[in-house]
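Please work through each task before reading its solution.

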Amino acid sequence: MIEKYRVKTSELSRQCADDPFDFTTTKDLEPLDEVIGQRRAVEAIHFGLNMKGPGYHIFITGFEGTGRTSITKDILTGVAKTRETPEDLCLVNNFDDPYRPGIMRLPTGSAVFFAGKMSRFIETLKVKLPRVFEEKPFLEKQKRIKESVDAVQDRIMVFEEKPFLEKQKRIKESVDAVQDRIMSEVAAEAEKKDITIVTGADGFQAVPLKDGEPVSEEAFDKLDPSVRAAMEKELARVQQEMKEAVTRIQKQTREMQEGYQQLVTETAGNLFSEEMESLFADFKEWAQAQKFLEAAKKDLINHLPLLLQSLDPDAEQEPKPVDMAKFLEKRYQVNVLVDRRGQQGVPVIFEPVPSFQNLFGKIEKTAVQGMTAADFTMVQAGSLLRADKGFLMLEIDAVLRHPELWETLKTTLQNKKLHIQDPPNQTGPAMASLRPDPIDLDVKVVLVGGYEIFRVLQGADPKFNKIFKVRADFDHEVGVSPKTLHDYARYVARACQTEKLRPFTPCGVTEVVGYGNRLAENQHKLSLRFGRIMDLLKEADFWAGKEQAPAVTGDHVIQALTAFRFRHNLHEEKVQERYDDHSILIDLTGSVVGQVNALAVYQIGELAFGRPTRITAESYMGKPGIINVEREADLSGETHDKGMMIIDGFLGRMFAQEYPLSVSVSITFEQSYSGVDGDSASSTELYAVLSSLSGYPIRQGIAVTGSVNQKGQIQSIGGVNEKIEGFFDVCAGRGLTGDQGVMIPAANINNLMLRKDVVEAVAQGRFHIWQVAAIEQGIEVLTGVRAGQADADFQFPPDTVFGAVQAKLKKFHDRSVLKTVRS
């Protein structure tokens, strides 16, 4: 009866030995220069890169290891080289508002050159600015200006300490002489009228004389009124003459100061023009550079008095004079943000750690009197600015770890303006914040992430769909064809070339292809998760090297796979020991009512393995329904609960058309102490229920996997190879009897890529694989009894499994009705 469900040996794995590889080694092949099986993703990326409208940024989806990142980088790099290299970017001082420095764009690769010339200009000023006022042309012009100016203004004349002090002394003496001369003239005229001029705390004052001596106030008051009146008139006249004399002194001093300041400004301006001439000439075609140089020259002249004051270390001034060297360096140097020297095409930036500062830029701080301060020279560019006019790749997982980063990124891309600023959560005392001018930004952002994050962002973030309009979805598998097989071999050839590996023989490539089938879990598909394929190639090359083999053979690939499993399967061996010593109860022979061996897959890091677990079912009269022991113990997941409800629906459809069910069924995974989820054991649980209700025992040498729907159809499941191999290992551990095997869904036949030892055991009749498409077929394999077909009155033949189930349910129902009548 069950022979028709047996799977042929030829269906247990793809016959890779038939692959058409007609080369000696992969060294004979042209290395792969294209992308295998990713046409959809590649076209989407090119579309996104060439769309100029707003919002056409790209989101890359796909499984890890499909090459989604490396392939995207290669595409971006190729496109980038075809485009014109963008300008360099600098940050310069805003002389009108130092807290808002401005961006300056310069010809490609010239920013460092410009910054260097500005630095040399600053160094030149440090040397030449003090000396220019000691040169003969300036001194000759200075001599023609009358030397009468106050000490504070005269301090502007020179920078070098000794000449400055000597000239200051001479100028002071000159001023005193002029003042004495003017006031002497006034005093001489006053003496003729018996009036003298004295100097007091309030300045100059006219005092009357008598007999050549000043008259006191008391004596003056005792003078004859007519004499006193005449004296007062003369005093008033002398006082007015003194006032006019002071006005003349002030006017003369002011005129000399203005003339001298004009001379200093003219002399310094000539120096600035002379030293900046080459700068203006080198960047005459760039309006921004010209504007900055003009502003810098004007600002230098405006701050000339401040600079000159800084050179008198002995002067007592408030506030203290500035340090000329630091002032020039901090105010006029150029901060190169982005240097494009040596770059060909637009930039391609991959930011592995997208923190706020790494992405948007950083403003460094320095401590000043217990607070923090910054200037434009402390600003650094982030990845977005370095990628301006080009492409920026980011991992969405890393971006979403910082909510403020994600929100700022969306705003920046929407507005196409970059603000270099402090992170929103930065704390601590600070002086006035530096806010560089917003920078025009033209960048294509490429996010890389998984399917789940993409779906969540699509549904929960309205801005996301407006900004990332292009999705490039990387497939994880490709169909087997002569071309894809040849491309697989060419991929191996490229890997050998780029990674400097030994070439692979055809049998070596065949084993790699088989591994690709196994990763894809499909005989007609090859895995595109080349990360794991590359690991296998490197490890196989290692084992070939241990043998000093000239090429990598199939045995080396198998050895690499075996060694990999051995390195990772300690936990698997420990679990196997528990089966071998019967710590885990499992029956592999005989038949038992209401008991079935289910199969589960354990994932430990990169290693997955399967093992059987016992499922038991008990049926009895009681409240109608299925008692899911795992759910009652809070060990059942949502999908497993759903499977239980499907079983309930199947029983109702098959056996409750004439009367309601009056049976309780308890189902559990024996010796399961952790959570249970998934529906791949739902058919197994249903077989246990049918066995319990019918009384027909189930063969314990057969393990079962597969989910079921309410119609009784068996549905495909994942991990079919691991499940089969896991049960095989348990049976082999106790000794194969020839009656053992695994029953799988018929829909999983194409997924079979079993180990060679399992295939050999099946070919020798020591192990078996059955495939079923419906519960009726499965129960026949497990019990050796026909399932039964209902007639028009919904009655099943009594000598069938379903007939026995129906009879027991009818008995429970009748007893339930009788009990109800009696009560």
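**Exercise 1.** Does lysine 389 count as buried, partly exposed or exposed, and at what relative accessibility?

*Solution.* The model is a predicted one. Buried means under 20% relative accessible area and exposed means over 50%, with partly exposed in between. Lysine 389 has 31% relative accessibility and therefore counts as partly exposed. Lysine 389 belongs to the loop between α13 (383-386) and β13 (391-395). Its phi is positive, about 75°, although the residue is not a glycine. Most residues other than glycine have a negative phi.

**Exercise 2.** Determine where glutamate 521 lies, and classify its accessibility.

*Solution.* Glutamate 521 is found in the loop between α19 and β19. Its relative accessibility is 28%, so glutamate 521 counts as partly exposed. Glutamate 521 is not a glycine, yet it has a positive phi of about 55°.

**Exercise 3.** What span should helix α18 have, and how far apart are its end C-alpha atoms?

*Solution.* Helix α18 covers residues 482-498, which is 17 residues. The expected span is 1.5 Å times one less than the number of residues. For α18 this gives 24 Å, and the end C-alpha atoms are 24 Å apart, so the two values agree. Just after α18, lysine 500 adopts a positive phi of about 60°.

**Exercise 4.** Which elements do the buried residues of α18 pack against?

*Solution.* The buried residues of α18 include Leu485, Tyr488, Tyr491, Val492 and Cys496. The packing partners of the buried residues are β18 (477-479), α19 (506-520), β19 (525-527) and α20 (530-546).

How values were computed. Residues are numbered from 1 along each chain as its sequence is written. This is a predicted model: local features need pLDDT of at least 70, side-chain atom pairs count only at pLDDT 80 or more; totals for chains, interfaces and linings use all residues. Side-chain values use heavy atoms; hydrogens and water are left out. Helices (H or I, at least four residues) and strands (E, at least two) are DSSP runs, numbered from the N terminus. Buried means under 20% relative accessible area, exposed over 50%, partly exposed in between (1.4 Å probe, protein chains only). Contact means heavy atoms within 4.5 Å.
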